[in-house]
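Thank you all for coming; I would like to take a few minutes to go through one structure with you.

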Amino acid sequence: MAGSLVILTGAGISAESGLGTFRDTDGLWAEFDWQELATPEAFAARPARVHAFYNARRANLTAARPNAAHTALAQLERAWLARGGDFLLVTQNVDDLHEQAGSERLVHMHGELKKMRCLGCHTVTDAVGELDTGTCCPRCQQPGFLRPHVVWFGEIPLEMDLIFQALETCTHFAAIGTSGTVYPAAGFSEVAKRAGAHLTEINLAQTETSPLFDSHVSGPASTAVPAWVEAFLAQG
């Protein structure tokens, strides 16, 4: 048995695919006010404005393609499962680049940009084209109830029970391209540490949680992640 491997990815893994990060000095929230675009209150007050913002982000995503880091993690998943291990990839990203690269055991804890959710019947479906306040839910046919299927500030991330169950039993944990400042994801390393897992951090710079990790790999995700995957599989 190869053990249980949990991977956490953040915006840093998708930056080289042309998708902006959030908390860097030139990140998305430096340009836009999250309080006006990424809260339930903002959507209730100005739904058209919020829809326009996420329509633009969705359009930007159509041109993005996975980079070598996404591909390496999909290869790692297949190799690890072939050895009889458990694997879970948890991403904070709302893009679909992991899926495009071939990842299957994947949880989007912050939702998915290419999906929409109905506030009336709670159905989650693919978001096709632009959304606005007049778009009808494909199930209940009611207009005005659709919202982006993303987790906004003040909302609870998705699949937390599944994530913590995996963290509490994992033998290996790796955090890739994440700032280590946003909870609950920033606390995942502590849970994995208590479980006795070996912790690896792959990032451009040190983070607030770096002292918890047993090993560190510095560099752009597109080169650092494939190199780490190759070395990781070779040693175990």
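I will speak about a helix pair and then about salt bridges.

Please keep in mind that this is a predicted model, in which local features need pLDDT of at least 70 and side-chain atom pairs count only at pLDDT 80 or more, while totals for chains, interfaces and linings use all residues. Residues are numbered from 1 along each chain as its sequence is written, and side-chain values use heavy atoms, with hydrogens and water left out.

Let me begin with helix α5 (residues 68-82) and helix α9 (residues 221-235), whose axes come within 7 Å and cross at roughly 20°. The two are therefore roughly parallel to each other, a term that covers angles under 35 degrees. The contact residues of α5 with α9 divide into 14 nonpolar, 1 polar and no charged.

Turning to charged side chains, a search of the whole structure finds 5 salt bridges, each being a side-chain nitrogen of Lys or Arg within 4 Å of a carboxyl oxygen of Asp or Glu. One of them joins Lys114 and Asp96 at 3.0 Å, N to O; Lys114 lies in strand β4 and Asp96 in the loop between β2 and α6, so the pair ties together parts that are 18 residues apart in sequence.

Another pairs Glu155 with Arg147 at 2.8 Å, N to O. Here Arg147 is buried, with a relative accessible area of 3%, whereas Glu155 is partly exposed at 25%, where buried means under 20%, exposed over 50% and partly exposed in between, with a 1.4 Å probe and protein chains only.

Note on methods. Axes are lines fitted to C-alpha atoms, for helices over the stretch in contact, and angles run from 0 to 180 degrees between N-to-C directions. Helices (H or I, at least four residues) and strands (E, at least two) are DSSP runs, numbered from the N terminus. Angles under 35 degrees count as roughly parallel, over 145 as roughly antiparallel, 65 to 115 as roughly perpendicular and the rest as oblique. Ala, Val, Leu, Ile, Met, Phe, Trp, Tyr, Cys and Pro count as nonpolar, Asp, Glu, Lys and Arg as charged, and the others, Gly among them, as polar.
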